Amino acid sequence: MGIWCYTFAEMPWYQRRIANMLFAAPPSSTYEEALGYFQKAEQVDPNFYSKNLLLLGKTYLKLQNKKLAALWLLKAKDCPARTEEDKQIQREAAQLLAEFSGKN
């Protein structure tokens with residue numbers, strides 16, 4: 001659910017306009033709503049999925065909370081990589097950390 005909410009919260013205005021023409025009530029969401037789902041998933045099973053850690057970091061970035069974004073992005077970067085997806089998540093987390101900390 002968190003990924004769904006994040007995706008619709010991130011939808012650009014022109015895609016929302018197209019969705020308005022196609023649907024009576026297009027789906028919508030907020031970063032705060034997505035954050036709630038990502039947090040609940042972490043409460044149930046901490047560090048269960050590196051993508052959840054990454055998305056927590058990205059959501060906090062969208063909400064302009066760099067301190068918490070850094071915390072979750074570091075967790076995603078340092079999470080043991082078991083799959084190729086995990087390796088990609090580590091790279092993305094490291095890149096995001098470098099970008100907002102000015103080390104890029």
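Hi everyone, let's start at L63, which is found in the loop between helices α4 and α5, where α5 covers residues 66–78. Helices here are DSSP runs of H or I with at least four residues (strands would be runs of E with at least two), numbered from the N terminus. Before going on, please keep in mind that this is a predicted model: local features need pLDDT of at least 70, side-chain atom pairs count only at pLDDT 80 or more, and totals for chains, interfaces and linings use all residues. Residues are numbered from 1 along each chain as its sequence is written, and side-chain values use heavy atoms, with hydrogens and water left out.

Back to L63. Is L63 buried, partly exposed or exposed? With a relative accessible area of 28%, L63 is partly exposed, because buried means under 20% relative accessible area, exposed means over 50%, and partly exposed is in between (1.4 Å probe, protein chains only). Leaving aside neighbours within four places in sequence, L63 is in contact with Y31, E32 and L35, where contact means heavy atoms within 4.5 Å. L63 and E32 are 31 residues apart in sequence, yet their C-alpha atoms are 7.9 Å apart in space.

Q64 is exposed, at 66% relative accessibility, and its phi is near 65°, a positive value in a residue other than glycine. Most residues other than glycine have a negative phi. N47, in the loop between α3 and α4, is not a glycine either and has a positive phi of about 60°. N47 is partly exposed, with a relative accessible area of 39%.

Now step into helix α4, residues 50–62, where T59 sits. T59 counts as buried because its relative accessibility is 0%. Which residues does T59 touch, not counting those up to four places away in sequence? They are Y6, Y31, L35 and F38.

Y6 brings us to the core. A nonpolar core is a set of buried Ala, Val, Leu, Ile, Met, Phe, Trp, Tyr and Cys residues joined through side-chain atoms within 4.5 Å. The largest one here has 22 residues, and Y6, F38, L54, L56, Y60, L73 and A76 touch the most other members. Helices α1, α3 (31–44), α4, α5 and α6 (84–101) each supply at least two residues of this core. Beyond its neighbours within four places in sequence, Y6 is in contact with residues including Y31, A34, F38 and T59.

Y6 is also one of the buried residues of α1, together with G2, C5, F8 and A9. What covers them includes α2 (13–22), α3 and α4.

Let's look at rings. Two rings of Phe, Tyr or Trp (its six-membered ring) pair if their centres lie within 6.5 Å; planes under 30 degrees apart count as stacked, over 60 as edge-to-face and the rest as tilted. A search of the whole structure finds 4 aromatic pairs. In one of them, the centres of W4 and F8 are 4.5 Å apart and the planes are at 50°, so the pair is tilted. W4 and F8 are 4 residues apart in helix α1 (residues 2–9), so about one helical turn separates them. W4 is partly exposed at 40%, whereas F8 is buried at 15%. Then there is the edge-to-face pair of W13 and Y14, with 6.1 Å from centre to centre and 90° between the planes.

Finally, charges. A salt bridge is a side-chain nitrogen of Lys or Arg within 4 Å of a carboxyl oxygen of Asp or Glu, and the structure holds 4 of them. One joins the side chains of K58 and E92, at 2.9 Å from N to O. That pair links distant parts of the chain: K58 is in helix α4 and E92 in helix α6, 34 residues apart. K58 is partly exposed at 21%, and E92 is partly exposed at 27%. Another salt bridge is formed by D78 and K77, with the closest N and O atoms 3.2 Å apart. R91 and E84 also meet in one, at 3.6 Å.
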